[in-house]
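Hello,

Here is the structure I promised to pass on to you. Have a look at it first, and then read my notes below.

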Amino acid sequence: MRALARLSAVVAVVFVTFAGSSPSDLSRRFGNGRDIIRGVNLGGLFVLEPWIKPSLFKQWEGNSPQVVDEWTYCAALGKNECASRLKQHWSTWVTESDIATLAKLGLNYLRIPIGYWAFTVKDDEPYVQGQIPYLKKVLGWMRKYNLYAVLDLHGVPGSQNGFDNSGKRGEVRWQQTQENIDRSIQASVGLAKIAAEYPNVVDAIELVNEPASWALSREGILDYYKRSYSAVRDVAPSVTIVIHDAFFSPSDWPQFNVPGWSNVILDTHTYHVFVKDRLVLSRDDHLKATCQDASNVRNFNTQLWTITGEWSLATTDCARWLNGFGRGARWDGSLPWELNGPVYPGATCAGQNSISAWDAPTRVFFRQFAEAQMDAYEAGSGWFFWNFKTEEADDWNYIKLAQNGLIPNPPTDRHYSRYSLDNPHGSIKLNSPWCHE
């Protein structure tokens, strides 16, 4: 996910218009008749991230060399033991009870990250396969509970960003060989085949998650999108296709509006903890920052429909291993960064990620922050929270936050809302304790 400082502060998902269509047509197609998409990510299931489920990596704490991602996890264990552990993980991390709970919480969509290695593994790669039967089981539960899916290719060969969530932490080598690109397209086609098998559940396929603009060729990213678009369309003609903004600024988004494309989305994510400008904000300023986020997505929504594909309630990067296995946090200065110390003198990570440690004012703030972000992203066409649950980091755990009253349950039950939820979509006006129009 979002582990390094280069992560953009704002990310979104955008519907690309085409000749003869209107944004409302595309919104209805992707939203299955719903005006607003409200969903969560099933992160940590098919792509391991140490901070989401630390128990999987704890045995290597303090070791050298370290196991830091799914690549090194399987390399250290060997394929047989890795397969055994991952099958246990796949069968327990997302259960039917979880899917039923998410539906009961009033959500309508789930985004499901998965790595390329579920579809193609070379002899010299340590990854194991076997994910697809578990994915299909999850899709079956989603059909039972009337939820819709976005299948997200979260990791590609060579790594598109160097983050652990790509499957392999370190260098960005995705564009170094044509074979990497071809295998990425092969994985996208694999997702398209599943979409064709579950047409009433799978609404969209994301061609690659978070390609790093600072380490990749813009032209190469666009070429991959074009080739993957054609390949997916050959298998699943009506599925919506998601393309990430690659951390380009909103002024660059029009480059993704490719003539001749139809039913396409551009993805971008909003976090408050990975860049200095957001991490140092006061609580009031975190709330006020959502006003600009709302303006951004609403303004762009007049051209292309926009969904914020990842966000959380975190205002610190204190979750254990959020910045990578074995790494500390900017917040308390235990991770080297541009301030060369903590965010403010005496800043501590103690209690930052535990609901049980939050006092009443902190709980009020997080409820306001949840509503402020929902309001902002619904100035576009909706959102996906990261993540559905975690082992330790409560500020990233949608189920626990909702069950404790810190996220609206259902999402429309807002105490500080800036607009009437009955307003026609697109006519939203900011009117809250922190935003006014």
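Val232 sits in helix 7; helices (H or I, at least four residues) and strands (E, at least two) are DSSP runs, numbered from the N terminus. This is a predicted model, in which local features need pLDDT of at least 70 and side-chain atom pairs count only at pLDDT 80 or more, while totals for chains, interfaces and linings use all residues. Residues are numbered from 1 along each chain as its sequence is written, and side-chain values use heavy atoms, with hydrogens and water left out.

Is Val232 buried or exposed? Val232 is buried, with a relative accessible area of 0% (buried means under 20%, exposed over 50%, partly exposed in between, with a 1.4 Å probe and protein chains only). Leaving aside residues up to four places away in sequence, Val232 touches Ser188, Ala192, Ile205, Leu207, Val239 and Ile241 (contact means heavy atoms within 4.5 Å).

Other buried residues of helix 7 include Ile221, Leu222 and Tyr225. The buried residues of this helix pack against strand 4 (148-155), helix 6 (178-197), strand 5 (202-206), strand 6 (240-244) and strand 7 (264-267).

How far apart are the end C-alpha atoms of helix 7? They are 26 Å apart, which agrees with the 26 Å that its 18 residues (218-235) should span at 1.5 Å a residue (the expected span is 1.5 Å times one less than the number of residues).

Happy exploring!
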